[in-house]
Amino acid sequence: MSIEDILSSRGRVRILKILTDIGELNISEIARRAGLNYTTTNQHLQALENAGLIRHKKFGRIRIFRFDEESPRARMIMKLIESWDANK
Amino acid sequence: MASLSERRYFSVFKDESKLDINYVPSSLPHREQQLNFLNHFFRFAVEGPGKMAQRVLITGKIGTGKTVLSQRFGINIMREAQEKGINLHYVHINCRECKGSPFQILQRTILEFYPHFPRRGYSAEDLLKMLMEILDEQNAYLILAMDELDALIRSAGSDPIYSLTRVQEGRLGAPQRLSLLCILRQPEHLDLLDPSTRSTLQRNLIQLEEYSASQLRDILSDRIALAFRSGTVSEETLGFVADSAASDGGDARYAIELLWRAGKYADASESSTVLPEHVRKAAVSIYPVVRKDMISSLGLHEKLFLLGVARHLKQTGNAYLSMGDAEEAYGVICEEHDEKRRGHTQLWKYVKELTALGIVETEISSVGKRGKTTLISLPKVPAIDLERELSAMLHAKKR
């Protein structure tokens with residue numbers, strides 16, 4: 001997935017911002033905070049995971065998402081969001 | 001001007017937070033042995049974690065140090081584990097705050113690991129499974145302290161505790177990650193558990209006895225050193241607080257609260273020291289033990305005697321007065337009220353009765369005084385209030 005694809009979606013950027021902010025979160029809570037419905041959120045998360053930016057852990061029925069800190073791209077995006085918000 | 005504002009803002013407290021109910025002191029006087037027991041029971045957690053899981057039960061009445069003991073142990077063992085690079089968590093959950101709900105207990109436990117874990121949507125069984133998965137995932141070990149377990153047993157019976165003790169059995173070969181530290185006020189509640197759970201818990205039992213007056217004294221003087229400016233609490237006040245709390249069931253929590261409130265009263269009356277009178281005021285604000293109807297049911301001479309005691313204590317500002325002083329004060333009151341005074345033996349009976357009612361407390365004088373005399377104190381009501389009450393009552397009767 002190209003960077004245009006990732007950053008051209010409002011929903012995806014919002015999700016990335018939330019994960020930068022909170023760290024780890026489950027789908028319903030991400031959806032609630034982003035103001036998106038569950039299905040859309042799930043699709044965005046899938047896309048971001050396929051792009052290698054985030055990963056998830058599973059406990060029973062619950063999936064918890066977070067940035068993949070081992071990926072340099074993910075770290076750079078986190079940094080971008082942090083410094084963007086800090087210079088508001 | 002400076003002296004005025006200085007006086008206004010003077011407080012007997014140095015650090016009030018040290019008297020807070022949630023404060024965990026670094027040393028626990030008279031609970032060292034029990035702390036050692038706990039360390040011994042959970043030794044494996046820092047030496048060979050995962051090889052076994054432990055269940056320990058602490059019982060004791062209110063204010064005997066159950067909570068503070070387990071919290072101190074938790075802080076110590078976590079520090080030790082950290083030094084050894086073991087991912088050990090001690091989580092302290094108050095079952096009463098969770099309304100005895102197994103769901104809430106497990107959920108609060110999980111929130112310690114994942115602060116944003118969804119707050120609903122899962123059953124207690126789901127949560128227990130998830131908790132074990134989280135522990136596996138983080139390679140963590142957990143000592144779950146369940147305080148006020150009475151609440152859980154009462155509301156949910158023995159099932160939740162059973163499943164907590166048995167969760168390891170479905171995980172053959174996997175490391176044992178969950179240990180339990182149960183804290184119970186009334187051991188009778190154990191009878192509601194099924195026999196196998198009960199026997200596992202009873203095997204490792206730590207029973208806490210009520211504190212004696214001298215033990216309370218040690219606890220209080222530790223706290224006074226931390227919380228009060230030096231020289232603001234006299235030995236006499238300290239002994240008085242300790243004695244009051246000891247006769248109230250050896251409740252250290254009550255003793256500490258009494259001390260704190262007495263300090264508040266001292267501040268409010270702009271006193272530079274905490275006096276026994278402040279302690280009496282504090283006691284009455286905690287427990288309105290001396291009720292008006294109790295006083296009005298006393299006989300005339302019992303009232304006169306009590307009035308003498310109250311007035312003497314108010315005038316001298318002491319915590320105790322001797323039987324001799326009490327009789328003298330009573331004599332003066334009798335003159336005032338035109339009554340013929342009763343003899344020593346009768347007064348002695350009054351003292352016994354008043355003690356039985358809990359209005360006064362007596363103690364035999366000891367070292368440092370010549371001879372033996374009974375010391376009388378008013379532990380739970382300010383002498384001023386008692387005097388006002390009695391005077392009004394006697395005055396009304398005369399008219």
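This is a predicted model: local features need pLDDT of at least 70, side-chain atom pairs count only at pLDDT 80 or more; totals for chains, interfaces and linings use all residues.
What percentage of the 88 residues of chain A count as buried? The figure is 23%, where a residue is called buried if 20 or more other C-beta atoms lie within 10 Å of its own, exposed if 12 or fewer do, and partly exposed in between, with C-beta atoms placed from the backbone. Residues are numbered from 1 along each chain as its sequence is written, while chains are lettered from A and ligands numbered from 1 in the order in which they are written.

Let me start with confidence in chain A. Its mean pLDDT, the predictor's confidence in each residue on a scale from 0 to 100, is 91, and 99% of the residues of chain A reach 70 or more. Within chain A the lowest confidence falls in helix α1 (residues 3–7), with a mean of 88, and the highest in helix α4 (residues 38–50), with 94.

Next, the overall build of chain A. There are 5 helices and 3 strands in chain A, and these elements are DSSP runs numbered from the N terminus, with helices being H or I of at least four residues and strands being E of at least two. Along the sequence they follow one another as α-α-β-α-α-β-β-α. The C-alpha trace of chain A spans about 35 × 25 × 25 Å along its principal axes. Chain A has a radius of gyration of 12 Å, which agrees with the value near 12 Å that a compact globule of 88 residues would have; the radius is taken over C-alpha atoms, and the globule rule is 2.2 Å times the number of residues to the power 0.38.

I would now like to look at the strands of chain A. They make an open sheet of 3 strands in the order β1-β3-β2, with antiparallel pairing, and its edge strands are β1 and β2, each of which pairs on one side only. Two strands are said to pair if DSSP finds at least two bridges between them. Between β1(A) and β3(A) there are 2 bridges, and A:N26 has A:I64 of β3(A) as its bridge partner. Between β2(A) and β3(A) there are 6 bridges; here A:K57 stands opposite A:I64, and A:F59 has A:I62 as its bridge partner. β2(A) and β3(A) also form a hairpin with 2 residues between them, and A:G60, in the turn, has a positive phi of about 60°.

How many residues of chain A are in contact with chain B? There are 12 of them, and they are in contact with 9 residues of chain B, contact meaning that the C-beta atoms of two residues, placed from the backbone, lie within 7 Å. On the side of chain A that touches chain B, at least two residues each come from β1 (25–26), α3 (27–34), β2 (54–59) and β3 (62–67) of chain A. That side holds 5 nonpolar, 3 polar and 4 charged residues, where Ala, Val, Leu, Ile, Met, Phe, Trp, Tyr, Cys and Pro count as nonpolar, Asp, Glu, Lys and Arg as charged, and the others, Gly among them, as polar.

Let me turn to chain B. It has 18 helices and 8 strands, and its C-alpha atoms fill a box of roughly 85 × 55 × 45 Å along the principal axes. Of the 399 residues in chain B, 39% are buried. By an automatic or database assignment, chain B is divided into domain 1 (2–18 + 211–286), domain 2 (31–208) and domain 3 (292–398), and the C-alpha centres of domain 2 and domain 3 of chain B lie 51 Å apart.

I will finish with two residues of chain B. B:T165, found in helix α8 (residues 159–166) of chain B, is buried, because 20 other C-beta atoms lie within 10 Å. Leaving aside neighbours within four places in sequence, B:T165 is in contact with B:R55, B:L180, B:T197 and B:T200. B:R154, by contrast, lies in helix α7 (residues 149–156) of chain B and is partly exposed, with 13 other C-beta atoms within 10 Å. From B:R154 to B:L178 is 24 residues in sequence and 23 Å in space, C-alpha to C-alpha.
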